[in-house]
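Keep the structure open as you read.

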Amino acid sequence: MVEWTDSERAIINSIFSNLDYEEISRKSLCRCLIVYPWTQRYFGGFGNLYNAETILCNPLIAAHGTKILHGLDRALKNMDDIKNTYAELSLLHSDKLHVDPDNFRLLADCLTVVIAAKMGPAFTVDTQVAWQKFLSVVVFALGRQYH
């Protein structure tokens, strides 16, 4: 089990309380698909993903990004048991969707970049430490079924 300080909890809650879910989620998933094009293979049913512009304008990508980011709400609400909170989702991604677990880390990195850019100077070292810790626990939980 991960130990969270009051400060870490406050920082993570603050990030979520100020999120524009639609903007941040779309930008994060689009960035992941553009920067790491091999991740596109999991989105074959989402239409034309042939270049950055089509990815950025794709409403299915935007909607899925929002779904992913709202999925992080579950981790936020269950910070003391993220591993079990994501057990079912981990199973889905490993057994049914066959998603390479490294892609969770890539998306988490893109989400960090987008949030840092949005927050600007407010994304301090302490903020990044807490945020990276949170995302690392989520990424581990999602990849749990692979091990």
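This is a predicted model: local features need pLDDT of at least 70, side-chain atom pairs count only at pLDDT 80 or more; totals for chains, interfaces and linings use all residues.

Start with helix H2 (residues 21-35) and H4, whose axes come within 7 Å and cross at roughly 110 degrees. Axes here are lines fitted to C-alpha atoms, for helices over the stretch in contact, and angles run from 0 to 180 degrees between N-to-C directions. Helices are DSSP runs (H or I, at least four residues), numbered from the N terminus. H2 and H4 are therefore roughly perpendicular to each other. Angles of 65 to 115 degrees count as roughly perpendicular, those under 35 as roughly parallel, those over 145 as roughly antiparallel and the rest as oblique.

Residues are numbered from 1 along each chain as its sequence is written, and side-chain values use heavy atoms, with hydrogens and water left out.

Which residues of H2 and H4 meet? On the H2 side they include Tyr-21, Ile-24, Leu-29 and Leu-33, and on the H4 side Ile-61, Ile-68, Leu-69 and Asp-73 are among them. Contact means heavy atoms within 4.5 Å. By class, the contact of H2 with H4 holds nine nonpolar, five polar and three charged residues. Ala, Val, Leu, Ile, Met, Phe, Trp, Tyr, Cys and Pro count as nonpolar, Asp, Glu, Lys and Arg as charged, and the others, Gly among them, as polar.

Stay with H4 for a moment. Lys-77 lies in this helix, which spans residues 59-77. Lys-77 is exposed, at 69% relative accessible area. Exposed means over 50%, buried under 20% and partly exposed in between (1.4 Å probe, protein chains only). Lys-77 and Asn-13 are 64 residues apart along the chain, yet their C-alpha atoms are separated by 9.5 Å.

Now turn to H7 and H8. Helix H7 (residues 102-119) packs with helix H8 (residues 125-143) at an angle of about 155 degrees, their axes 10 Å apart. That makes H7 roughly antiparallel to H8. H7 passes H8 in a right-handed crossing. Phe-104, Leu-111 and Ile-115 are among the H7 residues in the contact, and Trp-131, Leu-135 and Val-139 among those of H8. This contact of H7 with H8 has nine nonpolar, four polar and one charged residues. Thr-124 sits in the loop between H7 and H8. Thr-124 is partly exposed, at 36% relative accessibility.

H8 also meets helix H1 (residues 6-17). The axes of H1 and H8 come within 9 Å and cross at roughly 85 degrees. That makes H1 roughly perpendicular to H8. Glu-8, Ile-11, Ile-12, Ile-15 and Phe-16 in H1 face a set in H8 that includes Asp-126 and Trp-131. The contact of H1 with H8 divides into seven nonpolar, one polar and three charged residues. Asp-126 is exposed, at 56% relative accessible area. Asp-126 and Ile-11 are 115 residues apart in sequence but 8.4 Å apart in space, C-alpha to C-alpha.

Finish with the cysteines. How many disulfides are there? The count is zero, where a disulfide is a pair of cysteine sulfur atoms within 2.5 Å. The sulfur of Cys-32 is 4.5 Å from the closest cysteine sulfur, in Cys-110, and that is too far for a bond. Cys-32 is buried, at 3% relative accessibility. Cys-110 is buried too, at 4%.

How values were computed: Helices (H or I, at least four residues) and strands (E, at least two) are DSSP runs, numbered from the N terminus. A crossing is left-handed if the near helix is turned anticlockwise from the far one by less than a right angle, and right-handed if clockwise.
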